[in-house]
Amino acid sequence: MKKFLVIGSGFSGAVIAEQLSKNPENHITVIDERDHIGGNCYTERDPETNVMVHKYGPHIFNTDNKEVWDYIQNFCEMVPFVNRVKSIYKGNVYSMPINLHTINQFFNKTMSPDEAKIFIESIAKKDIEEPQNFEEQAMKFIGEDLYKAFFYGYTKKQWGCEPTELPASILKRLPVRFNYNDNYYANPYQGIPRDGYTAIFEKMLSSSNIEVKLNTKFDSSWDLSEYEKVFYSGPIDAFFNYKYGRLSYRTVYFERAVAEGDYQGNPVINYADPEVPYTRVHEHKHFTPWEEHEKTTYFKEFSKETEEADIPYYPKRLKDDMEKLTLYENEVKKLYKISFVGRLATYRYMDMHHVIGEALEICKSYGK
């Protein structure tokens, strides 16, 4: 029998454990310091409304990777879902990401796609050749007016700093469309699991040769000698007891409320005005349009700097962080038995499908 230790029961850990469990001679122990499996993708029924709630914020599964799409459907029925995000700025509701409707509404015009392209090129900052930060990248793409409306305030709230302090690369994920397509994602495969995400993890970890231990925190004093291999998906700096200092993250927290009927008519609405303290409001009944609920629950989402007791969400990856990360990565290279996997252990922003795809590749290269 070969013994494996998987630290963390989010998608990285759960996929690796599930793949390893296919060999009956493997015994896999999965530990998690929380009282539930599933990491930040955990879902549960709200006790007051019975709405399926994404406890750590909205998760809409989307991918261009057919292998990942086929894999996840081994554990759930993925119901097609199109995420149509709205943004409120100065009392008006706009469609996101920026598309032809957004542009025409904002500038009070009725431009065609070609006219809109020419117009945006005319207001974009042509004197910025190589954008050095988030703000310059936005100015180069869409000009000052659209940037100030939809990105400046929201970004400042989300990241807790001026956009000029953020790398330009963050904005490369945000498209501008010259048609009326308001699908937030461009990937061909999009959906939400009919029974929530927790049911996926329960099936992934259901094999008889997987042992799950919750409320169990890993630290560097553990004796790992009995394990063939260890897969670690926690924060890389925590593994090394922050010997080179803490890496910076943004975290989020929520204010929950309940209302009768329908609160905002949409799953997610961003609040772009800088004076509004929260970044967005999500109403979770709209993530399951196939269900009916008389009451609704919604959450105002706030962003702040991650402190010791907080759950890290978004790696900031500022210059100082990247210097520390290099030091930690050099330490990782010395640990032949331990693989660092997933968003926290590699200090990268990764969507669910990236995490699953990477975990599947790790198992392929390692072998079962």
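## The β1–β2 pair

Strand β1 (residues 2-7) and strand β2 (residues 26-31) run parallel and are joined by six bridges. At one spot in this pairing, I7 has I31 of β2 as its bridge partner. A word on terms: strands here are DSSP runs of E with at least two residues, numbered from the N terminus, and two strands count as paired if DSSP finds at least two bridges between them.

This is a predicted model, where local features need pLDDT of at least 70, side-chain atom pairs count only at pLDDT 80 or more, and totals for chains, interfaces and linings use all residues. Residues are numbered from 1 along each chain as its sequence is written, and side-chain values use heavy atoms, with hydrogens and water left out.

## The five-stranded sheet

Zoom out and β1 and β2 sit in an open sheet of five parallel-paired strands, ordered β10-β2-β1-β11-β17. The edges belong to β10 (210-213) and β17 (338-340); each has a single partner strand, so one side of each lacks a neighbour in the sheet. On average, neighbouring strands in this sheet are turned by 15° against each other, direction ignored (axes are lines fitted to C-alpha atoms, and angles run from 0 to 180 degrees between N-to-C directions).

## Strand β7 and its partners

Now for β7 (residues 85-89): four of its five residues are buried, meaning under 20% relative accessible area with a 1.4 Å probe, protein chains only. β7 pairs antiparallel with β8 (residues 92-96) over five bridges, and V85 has M96 as its bridge partner in β8. The two strands make a hairpin with two residues between them, and K90 in the turn has a positive phi of about 50°.

β7 also pairs with β13 (residues 268-271), this time in the parallel sense over three bridges. There, K86 stands opposite I269.

Key. Buried means under 20% relative accessible area, exposed over 50%, partly exposed in between (1.4 Å probe, protein chains only).
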